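Q: I would like a close look at a single part of this model. Please keep the answer connected and brisk.

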Amino acid sequence: MQSDQQAVVALGELLLRLTTKGHERFVQAREFDARYTGAEANVAVALAHLGFEAYAVSTVPDHEIGQACINYLRQYGVNTDHIVREETA
């Protein structure tokens, strides 16, 4: 981090939000849009867009969905070096 650059650390859970297409009920849907979200993640992404150095600190499952969440944050410039991957049962 440069000394003149502001930084923010977002601590919190990361969520996978599933949305149906066409406002269908879950029991009617055959397809879903996946979005990776959470209040802290949203703030980190917004501040990264404003030029802050943004860090996400959280835990995700050690599988493809957890990696997809990390990739999503990275594409918006959020530093994910402090996200822990944890084995699931």
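Which residues are buried in α1?

A: A note before the details: this is a predicted model. In helix α1, the buried residues are A41, A44, V45, L47 and A48. They pack against β1, β3, β4 and α2. Strand β3 covers residues 32-37.

Helix α1 spans residues 39-49. The helix packs on a sheet, where α1 touches β1 and β4. The direction of α1 makes about 165 degrees with that of β1. Just after the helix comes G51, whose phi is positive, at about 100 degrees.

Next, the sheet under the helix. This open sheet is built from three strands, in the order β1-β4-β5, with parallel pairing. At the edges sit β1 (7-11) and β5 (79-86), each of which pairs on one side only. On average, neighbouring strands of the sheet are turned by 15 degrees against each other, direction ignored. As a general point, strands of a sheet pair through backbone hydrogen bonds, in either a parallel or an antiparallel way.

Strand β4 takes in residues 53-61. Six bridges join β4 to β5, and the two run parallel. Within this pair, T59 of the chain stands opposite V84 in β5.

A56 is also found in strand β4. A56 has a relative accessible area of 4%, so it counts as buried; the cut-off for that term is under 20%. Leaving aside residues up to four places away in sequence, A56 touches A10, L73, V78, N79, H82 and I83. A56 and E13 are 43 residues apart along the chain, yet their C-alpha atoms are separated by 9.6 Å.

Helix α2 (residues 64-75) lies across β4 and β5. Helix α2 runs at about 170 degrees to β5. The buried residues of α1 pack against α2 too.

H23 sits in the loop between β2 (15-20) and β3. The phi of H23 is near 60 degrees, a positive value in a residue other than glycine. H23 has a relative accessible area of 80%, so it counts as exposed; that term calls for over 50%.

Terms used. Residues numbered from 1 in each chain as written. Predicted model: local features only at pLDDT ≥ 70, side-chain atom pairs only at ≥ 80, totals over all residues. Heavy atoms only, no water. Pairing = 2+ DSSP bridges. Helix = DSSP H or I, 4+ residues; strand = E, 2+ residues; numbered from the N terminus. Axes fitted to C-alpha atoms, helices over the stretch in contact; angles between N-to-C directions. Contact = heavy atoms within 4.5 Å. Buried < 20%, exposed > 50% of the residue type's maximum accessible area, 1.4 Å probe, protein only.
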